[in-house]
Amino acid sequence: MKSAGRYILPAIILLLIVFPLVFLHSNPYAIQVAGLIGIYLILCLGLNITIGYTGLLDLGFMAFYAIGAYIAAILSINNVSFWIILPVCMLAGGVVRWLLGLPLLKLRGDYLAIVTLAFGEIVRIAANNAVSITNGPKGLPRVGERFSSINFFSIKFTENIHFYYLILFFVFIAIVASRRLENSRLGRALVAIREDEVAAELTGINVAAVKSVAFVLSGIFGALSGAIYAHWIGFISPEMFTFWESVFLVAMIVIGGMGNISGVILGVFLLVGVPEILRDTLGTRFVDYRMLIFGAVMVAVIIFRPQGILPSKRRALELEAHV
Amino acid sequence: MLIQQIINGLTLGSIYALFALGYTMVYGILLMINFAHSEIFMVGAYCGFWFLSMLPFLSAFPGLLIPAMFLAAIIFSGVLAVLMERVAYRPLRRAPRLAPLISAIGVSIFLQNLMMLAVSAQSQPYPESFNITRFQFYGATVNSLQIFIFLLSIVLMVLLEIFIHKTKVGQAIRAVSQNHVVAQLMGIDVNKIIAMVFFIGGGLGGVAGVLNGMYYGSIKYNMGFLPGIKAFTAAVVGGIGNIRGAIAGGFILGLLEAFSAGYISSENKNIIAFAVLILVLMVRPGGLFGEEVTEKI
Amino acid sequence: MSEKILEIKNVSKNFSGLEALSGISFEVGKNEILGLIGPNGAGKSTLFNIITGVYPPSRGSVVYKGRDITGIPGHQAVRAGIARTFQNIRLFSNMSVLENVMVGRHCRTKSELFEAFFRTRGFRKEEDEIKSSACRILQDTGLLKYGNELAKNLAYGSQRRLEIARALAAEPGLLLLDEPTAGMNPRESAELMEMIREVRSKNIAIIIIEHQMDVVMNVSDRIIVLDYGKMISTGTPLEVQKDPAVIEAYLGTE
Amino acid sequence: MKKSLTLIIASLLLFTGCAKEDKTVIKIALVCPLTGDVAAMGQGMKRAVEMAVAEANASGMFPGYTVVLAAFDDRADPKEAVNIANRIISDRRIFGIVGHLNSGCSIPASQVYAKENLAMISPASTNPKLTLQGLKNVFRVCTTDDIQGNIAADFVFNTLRKRSAAIMHDKTAYGQGIAESFKSSFESRGGHVTGFDGIDLGEKDFKALLTAIKSKNPSLIYFGGMYTEGGLISKQSKELGLNVPEFSDDGIFTNEYIKVGGKATEGDFASMVGIPAEQLPKAKAFMDRYHSWYPGVDMQPYDPYTYEAAMIILDAVKKTNLDKSKMVDYIAGVKFSGILGQTGFDKNGDTLNKIVSVYRVINGKFVYQPKK
C-alpha cells in the first residue's frame, strides 16, 4: 500500500488547488461556499483541541472569532499590513483565552461550558455597546473607512479565489498541526486528561498547564479565522457572533466525531453543506421549511451515530520487542 | 424608586425561578443541559394564549378560567417534555455526554420553526385574562398581576419542595438522580421517573411561559431564547441540580437585572448578569447551594 | 539499612472534624518493601493521598530524598519520584496499552508544542525513546503482546499489571501500590508478588496496602498497622503478627 | 492525513451542480430573514414581492416570459447573506435583487452584486454606509436615519412644544441610528434629553429602566426601533404611571404596535416615510389589494417599500427590454411614480423621496397629523 499511498496525498492537494480554477466563472457560489467551509474548518479544528482532545465543553468560542475579527478590522482600518495583523490577532486570541482559562480551568465540564457561554455573550454585547471602538451595531469599517487589502508580493487579494487559497493554506496548517499534536507527548497527555483527569495528574501530567496549552491553542485558531474572515467579507457587525454560532461549532465537532480530524471535517461539511443543499433543493416554495428540516436532521443524525459519524480510534503503533 | 425596582426584580425573578426549575431537574437526573426547555416555555405561553382566545365565553367567570388555563398549560407542556425525552433523549441515554446536548439543540431549532410555520411568525398579543388593579405604596406602583405571579410561583415552589422531599415518588426521583443503576436495583422504574421529572419540569416551564405572556402581553415563537439563557444562568448560579438553588438563583438574577438596569445601565445589564455568574462560579465552582462533590480516589 | 528515601513526620489529617490520621511518623529505606495494613477506614488511603500530593496534610511533613515535599501537587510528586496505583483501577480506558505506559513517561520528557509542530530532531528522538522504553516496560511486565489493545479490553489481572507498568514508566524512586492483589486468585497474587520483588531489585522502594495477610506478610520487609488513624504497631512481619494490639484491632477482644 | 483531505475533495464536488438555465424565465431575487428572530418582517417582504410578481404575470407585462420570485433566507446573518449573493450572481436569469433587510447583510452582499453590476434595491437597510461605498448598483427606497430623526425632532419641538425627552433605542443599526439623529437635532433646537438608553432586541422587561426614566420625568419618550419593543415600552411606561406619549419611527407604523401596546398606545406618535396613503390613490389601492391577497394578515412596516422596489426592478427590466447590463443606469435615472409617491435616486443611490409624515394613534388607529 505504501507505494500507491505515496501518490494519493499529492494528488489530493493538487485537486484542491485546481478545484476553484475550474469553477472560476461558471459558479462563484461554489468557491464562496468552499471558502466559508474552510473558515469553519479552521474554527472547528481549533475548537476540537479543546472539546475533542481535552473534553472541555466550550459554548462561547465565537467570542475569540469576534476578537480576531474586530482587532483585524481596527488595525486594518489604520492600514496595518495583513501579515502583521495576523500574528497580532493570534497573540491577542491566545492571551485572552489564557486569561479566561486561568480561573476557570479547574471548573468541571458543564460549569466551564456555562462560563464560556457567559463570556461569549459578554463579548457580543460589548462589541454592540462599545460604539466608540467598534462602531456598535453599525459595524466596521465606518463610513469613509476601508480595510486595507491584503497583498502578497504582487497579488492583491480581492477575489474569492484569492481568499480561497489563503484559507486553504491555513486549513492545511490546522490539519497538520492537529495531526502532529495528536501524535505527540502533549496530545497523549490531552487525551489522558479527557479519559481521567485525576489519574492524569497522578501519572505526572501537569493537568492545569496542559489544559491551558490546549485552551490557548484553540483561541489562536479562533482569532486567526476571525482575522481572515473580516478581510474576506470586508464588513463585520456584532450580529455575526451570536450564541447560536458557537453552538453550531460544537454540533459540527460532536456530529462529525470528537477528537478525530476527518470526523470534524465531515461534521463541518454536513452542518454547512446541508443547509446550502436544502437552499437549492427546497427552492422558493419551501424556503421557510429549511431550518425546520435542518433541526430534524440534527436530531436524527446524532441518534443514529451518538459517538459521531467518524469517531476517533487510536492509531496502532508497531511494537518493538527488546532482546 | 428602590421599592419599585425590588417589585420589578421579584416579578422577573419568580418567572426566572419557575423556568430555572426545569433546567435544574433535568440536569439533576440526566446530567444534561436541556436546550429545548426554552421551547417548552414558549409552547406553554401559546397554550395559555389559545385557551384564552378559544374560550371567550369562559372569561365571564375568571375564577374558573385562570386555574383551567394554567392546568391546560401544565399538561400540554408537560406532555410535550415527556414526548421530547422519549423521542430525542432516551435513545442517547448511554451515548457520550455531549450527544444529548446536540439532540436538544436540534429539537429547539425544530420546535421554534414548527411554531413559526404552524402558528405565525408575528408576535401575538395576549388577551386580558383579568382586569388588573393597581396599588400605590411608598411611591411605587404594584399591580395585582405582579402579586399573582409572585404568589403563584411561591405556591408552586412549595408544592414542588413537598413533593420532592415528602412523597414516595419524590424520594424515587432523588434516588435516580443519585444513581440510575442502584435505583433500578431497588425496583424503581427509572424510565417512568425520568418521564415524571420531564413532566414536572416541563409543566413548571409552561406555567412560567403563561406568566411571561400575561405579564408582557405579547408572545412570539422565539420568546423562549433570551429568558432561557437567563433562567439557565440562574439555575447554575444557584447550584445546578439543586432545586432550592434554582429558586434562589432565579430571584437573585431577577433582582440583579432590575437593579443593574435601573441604577447602572440598561444596555449592559446582561453583561453585569453574566459577569456575576462568572464571579460566583470562580468563588464557588458548585454554585451557591450546590455541594462540593469531592471525588473519591 | 541504607539511608532513608521517605520520612513521614507527625502527619495528621482531618476532614471537617473527623480525624482521619493523627501523628503518623515512619521512614522507608531505599529499596525496602513496607506493608501497610489495618481494618477498613483506618486511614491507609488517606496516607497514600497525602504522600502522592492529592491533598496536603493538616499537620506534619513529608520528606522525600531529604527534600520537604509537603503539599506539592500530584504531578510534581511524580516528577520527584513518587508513583502510585489506585484501589479501583484508573487506566486511560480508550487509549491503547502502549499509550497508557507512554503517558507514564510524560514527566520524564520535555518536548513542547513547538517541537511537536515542527517535528524537530530532538522531538523525533524523544518520541522513539518514549515508545521503546514503554515497550521495554511492557515486555518486563509481560504485557507487550497486548500493546495495541485498548486498556479497557484487558483482563482484570493484566489491567492491574498495566497500572504498575504505567507507574514504573515515570522511573519512580518510591512506588505506592493500593491493594494491587484485590480480586486476584492466589496464582495471580503470587505472580504479582514476584513482579514486586523484581521492581525492588531495581532499587525502587515500595509501600503496599494489602488485605491478603499471607501476601503482605510474605513480601514485606516491615509492616505498619493503622487503626482509626493511629499507628498501633510497626516491625517485621513476625513481630507484628504476635503484637496483642494488632490481634485486638483485627479480631476484637475475647 | 489522506483520509481528511479526500473528504474535503469529495464534499466540495457536491456543490458544483450548475444551475440549468431556462431562457423564458425572468427571476426577481428577494433576500431577507425568513426564519430567525426577524422572520415576521421577512415574511411580510415575501408577501409583497409575491404580489408584485403575480400582478406582473397577470397583467402580461412580459409576453412570452414568466416572472418568478427567487426568495432566499439569510437569517439576518452576514455570512449567509454573502453566500446567497454569490449564489445569485451565478444565476444568469436573476435580473435584480430586492433586499436585504439588515444593513449588516446588505453591505457585504452589495459588494458581491457590484462584481456583476447587478441592480440591488434595499427596502429596509437604513445604515448610511450602504450607499456611501461608491457602488453604482446599490439603491434604497427607505430613507436613511437622519431624515426621520430630524423631522421627528422638529415635530416634537415645534408642533408638540415638548422641551424634554427620554430617548431609547434597540441597539440595532436602524434603531440606534434614528435615535442618535433625533438626539442631535432635538438638542440643537434647545430640547433637553433626559437619557439615552439602549435595550436588547427580544428583551421584554423594561420596567426597571422605565422606572429610572420616570424619576427624571421627561415629557415624551422617543424610541428608535421596532413595533414589538415599542409597544411594550408604551404599555409598561403607562403601567408605571409615566403617562407621556411615545414618539417612534416607521418601524412601529403597523397595527401590530397597537395590538402589542393595547390601550396604552393611545396618543402615541409614529413617523412614516412618504405621503399618507389616503392622499395617494395608488397607495390606497395597494393596501386594499394587499388585504384581499392576504386576508387577516397585518401589513409589516417594510411591505410597501418592498413592493415598490420590486416594481422598480420589473419596470427597469421592461424598459431595458431584458438587457441586464443597462438596468443599473436606467434605475439610477428613473422617475418612478408608485405607491410611495414619486421615487428617484440621487448619485449615491438614496431615494429622493424625503417626505416624512407623522401619524398619531387615535382610538386604536394611526391618523395622519398634518404639520401645522
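Predicted model: local features only at pLDDT ≥ 70, side-chain atom pairs only at ≥ 80, totals over all residues.
Local features need pLDDT of at least 70, side-chain atom pairs count only at pLDDT 80 or more, and totals for chains, interfaces and linings use all residues. Residues are numbered from 1 along each chain as its sequence is written, while chains are lettered from A and ligands numbered from 1 in the order in which they are written.

Five pairs of chains are in contact (two residues are in contact if their C-beta atoms, placed from the backbone, lie within 7 Å). Among these pairs, chains A and D share the most contacts. Chain C and chain D do not touch. Their nearest C-alpha atoms are 15 Å apart.

Between chains A and B, 34 residues of chain A contact 34 residues of chain B. On the chain A side, α5 (109-129), α11 (243-256) and α13 (290-304) each supply at least two residues. Helices are DSSP runs (H or I, at least four residues), numbered from the N terminus. The largest share, eleven residues, comes from α5(A). By class, this side of chain A has 26 nonpolar, three polar and five charged residues. Ala, Val, Leu, Ile, Met, Phe, Trp, Tyr, Cys and Pro count as nonpolar, Asp, Glu, Lys and Arg as charged, and the others, Gly among them, as polar.

Within chain D, helices α2 (residues 39-58) and α11 (residues 303-319) pack at about 35°. Their axes lie 8 Å apart. Axes are lines fitted to C-alpha atoms, for helices over the stretch in contact, and angles run from 0 to 180 degrees between N-to-C directions. Residues of α2(D) including D:Gly44, D:Met45 and D:Arg47 meet residues of α11(D) including D:Asp303, D:Thr306 and D:Tyr307. The residues of this contact divide into ten nonpolar, two polar and two charged.
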